[in-house]
Amino acid sequence: MTDRTMRAWQVRRPGPMSTRPLVSADVPIPEPGPGELLVSVRVCGVCRTDLHVAEGDLPVHRPDVTPGHEVVGEVVALGPDAGSRFATGDRVGIAWLRHTCGTCVSCVRGQENLCPQSRYTGWDADGGYAEFATVPAAFALPLPAGYTDAQLAPLLCAGIIGYRALLRAEVPPGGRLGIYGFGGSAHLTAQVALAAGAEVHVMTRGEQARELALSLGAASAQEASAAPPVPLDSAILFAPVGELVLPALEALDRGGTLAVAGIHLSDIPTLNSQRHLFQERQLRSVTSNTRADALAFLEFAADHPLEVTGPQYPLDRADQALADLSGGRIAGAGVLMV
């Protein structure tokens with residue numbers, strides 16, 4: 001298929017969205033390599049990690065990379081030794097994690113998200129801001145029924161990472177969970193937590209986001225740095241704002257846990273041991289996810305219908321979608337329709 005071309009967006013010059021770091025180009029349709037699938041992209045989610053790659057917050061791993069790692073599409077070709085998990089015509093998902101070594105200490109322990117040789121879609125390899133994309137068959141995901149393509153796309157990173165963050169936050173049964181920031185991942189995570197019986201309190205900057213939180217069942221919603229009305233058993237920081245670590249830790253009850261969900265976070269101010277860490281409060285990071293996390297979350301989503309909210313953009317407006325995300329103009333999870 002290399003004699004044919006496709007539309008794709010490339011991160012040509014990483015920098016603020018006002019400098020137009022994304023460039024639309026006609027590029028050859030990729031060939032699936034050994035063990036890979038070629039997927040015709042139907043929808044790709046617009047994730048904050050794409051914004052970090054475009055703006056240079058995440059160091060460039062591949063010049064002119066095509067971002068996008070919440071891909072829903074159809075298998076159109078199989079490379080050599082792609083196995084029998086998927087066939088042409090199948091609907092599949094392409095997510096952030098696309099390679100691990102399988103032999104290091106982390107992989108053997110079931111912590112493949114910590115593999116030193118891990119590679120990622122839309123950062124190390126071209127992703128879904130394009131008409132076609134490849135994925136190793138071993139890392140492609142089967143998708144639950146009952147959702148449209150546009151509803152499924154945000155589940156493939158926003159949902160999966162939120163699910164892992166929820167595990168890291170260790171919310172006790174019937175516990176009080178604080179969520180800081182309420183974008184694509186947070187609005188899905190809140191629903192998972194509510195379905196599990198948690199009481200959810202949201203702190204976020206946007207009025208529209210606060211209204212969405214309350215409509216989904218949050219017990220309260222206030223400004224990002226405001227104190228929740230009750231002490232929290234657990235909290236998750238989705239906003240990439242290091243300054244919010246302090247009020248989030250301070251809002252925790254004794255023995256509470258704060259999980260930082262994003263791959264990029266601005267600098268954290270100096271912590272005060274007595275105010276922020278004493279009484280066995282914990283601060284934890286979240287690093288990517290395992291395939292087991294992804295499969296467990298998608299199984300949960302199959303059994304517990306999630307409301308996926310957010311605007312849709314045509315592929316040729318991918319730069320505008322990221323600009324809107326940067327400017328806080330997206331409530332929920334935006335998607336590109338290819």
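This is a predicted model: local features need pLDDT of at least 70, side-chain atom pairs count only at pLDDT 80 or more; totals for chains, interfaces and linings use all residues.
**Domains**

The protein is divided into domain 1, made of residues 5-156 and 308-337, and domain 2, made of residues 161-285. The values for the pair are collected below.

| Property of domain 1 and domain 2 | Value |
|---|---|
| Separation of centres, over C-alpha atoms | 27 Å |
| Area buried between them | about 1100 Å² |
| Part of that area given by carbon and sulfur atoms | 66% |
| Salt bridges between them | zero |

Of the area that domain 1 buries against domain 2, 31% is supplied by H52, A331 and G332, more than by any other three residues. In terms of contacts, 18 residues of domain 1 meet eleven residues of domain 2.

**Sheet and helix**

Six strands form an open sheet with parallel pairing, in the order β12-β11-β10-β13-β14-β15. Because β12 (220-222) and β15 (282-285) stand at the edges with a single partner strand each, one side of each is left without a neighbour in the sheet. From one strand to the next, the twist averages 20°. Within this order, β10 (residues 176-180) pairs with β13 (residues 232-237) in the parallel sense over four bridges, and G178 has A235 in β13 as its bridge partner. Helix α6 (residues 207-216) lies across β11 (199-203) and β12, and runs at about 175° to β12.

**A buried loop residue**

T66 is found in the loop between α1 (48-55) and β4 (71-78), and counts as buried because its relative accessibility is 4%, where the cut-off is under 20%. Leaving aside neighbours within four places in sequence, the contacts of T66 include A8, W9 and Q10, together with G122, A125, D126, G127, Y129 and A130.

Notes:
Residues are numbered from 1 along each chain as its sequence is written. Side-chain values use heavy atoms; hydrogens and water are left out. Helices (H or I, at least four residues) and strands (E, at least two) are DSSP runs, numbered from the N terminus. Buried means under 20% relative accessible area, exposed over 50%, partly exposed in between (1.4 Å probe, protein chains only). Contact means heavy atoms within 4.5 Å. Two strands pair if DSSP finds at least two bridges between them. Axes are lines fitted to C-alpha atoms, for helices over the stretch in contact, and angles run from 0 to 180 degrees between N-to-C directions. Domain bounds come from an automatic or database domain assignment. Buried area is the accessible area (1.4 Å probe) that two parts lose on being put together, summed over both. A salt bridge is a side-chain nitrogen of Lys or Arg within 4 Å of a carboxyl oxygen of Asp or Glu.
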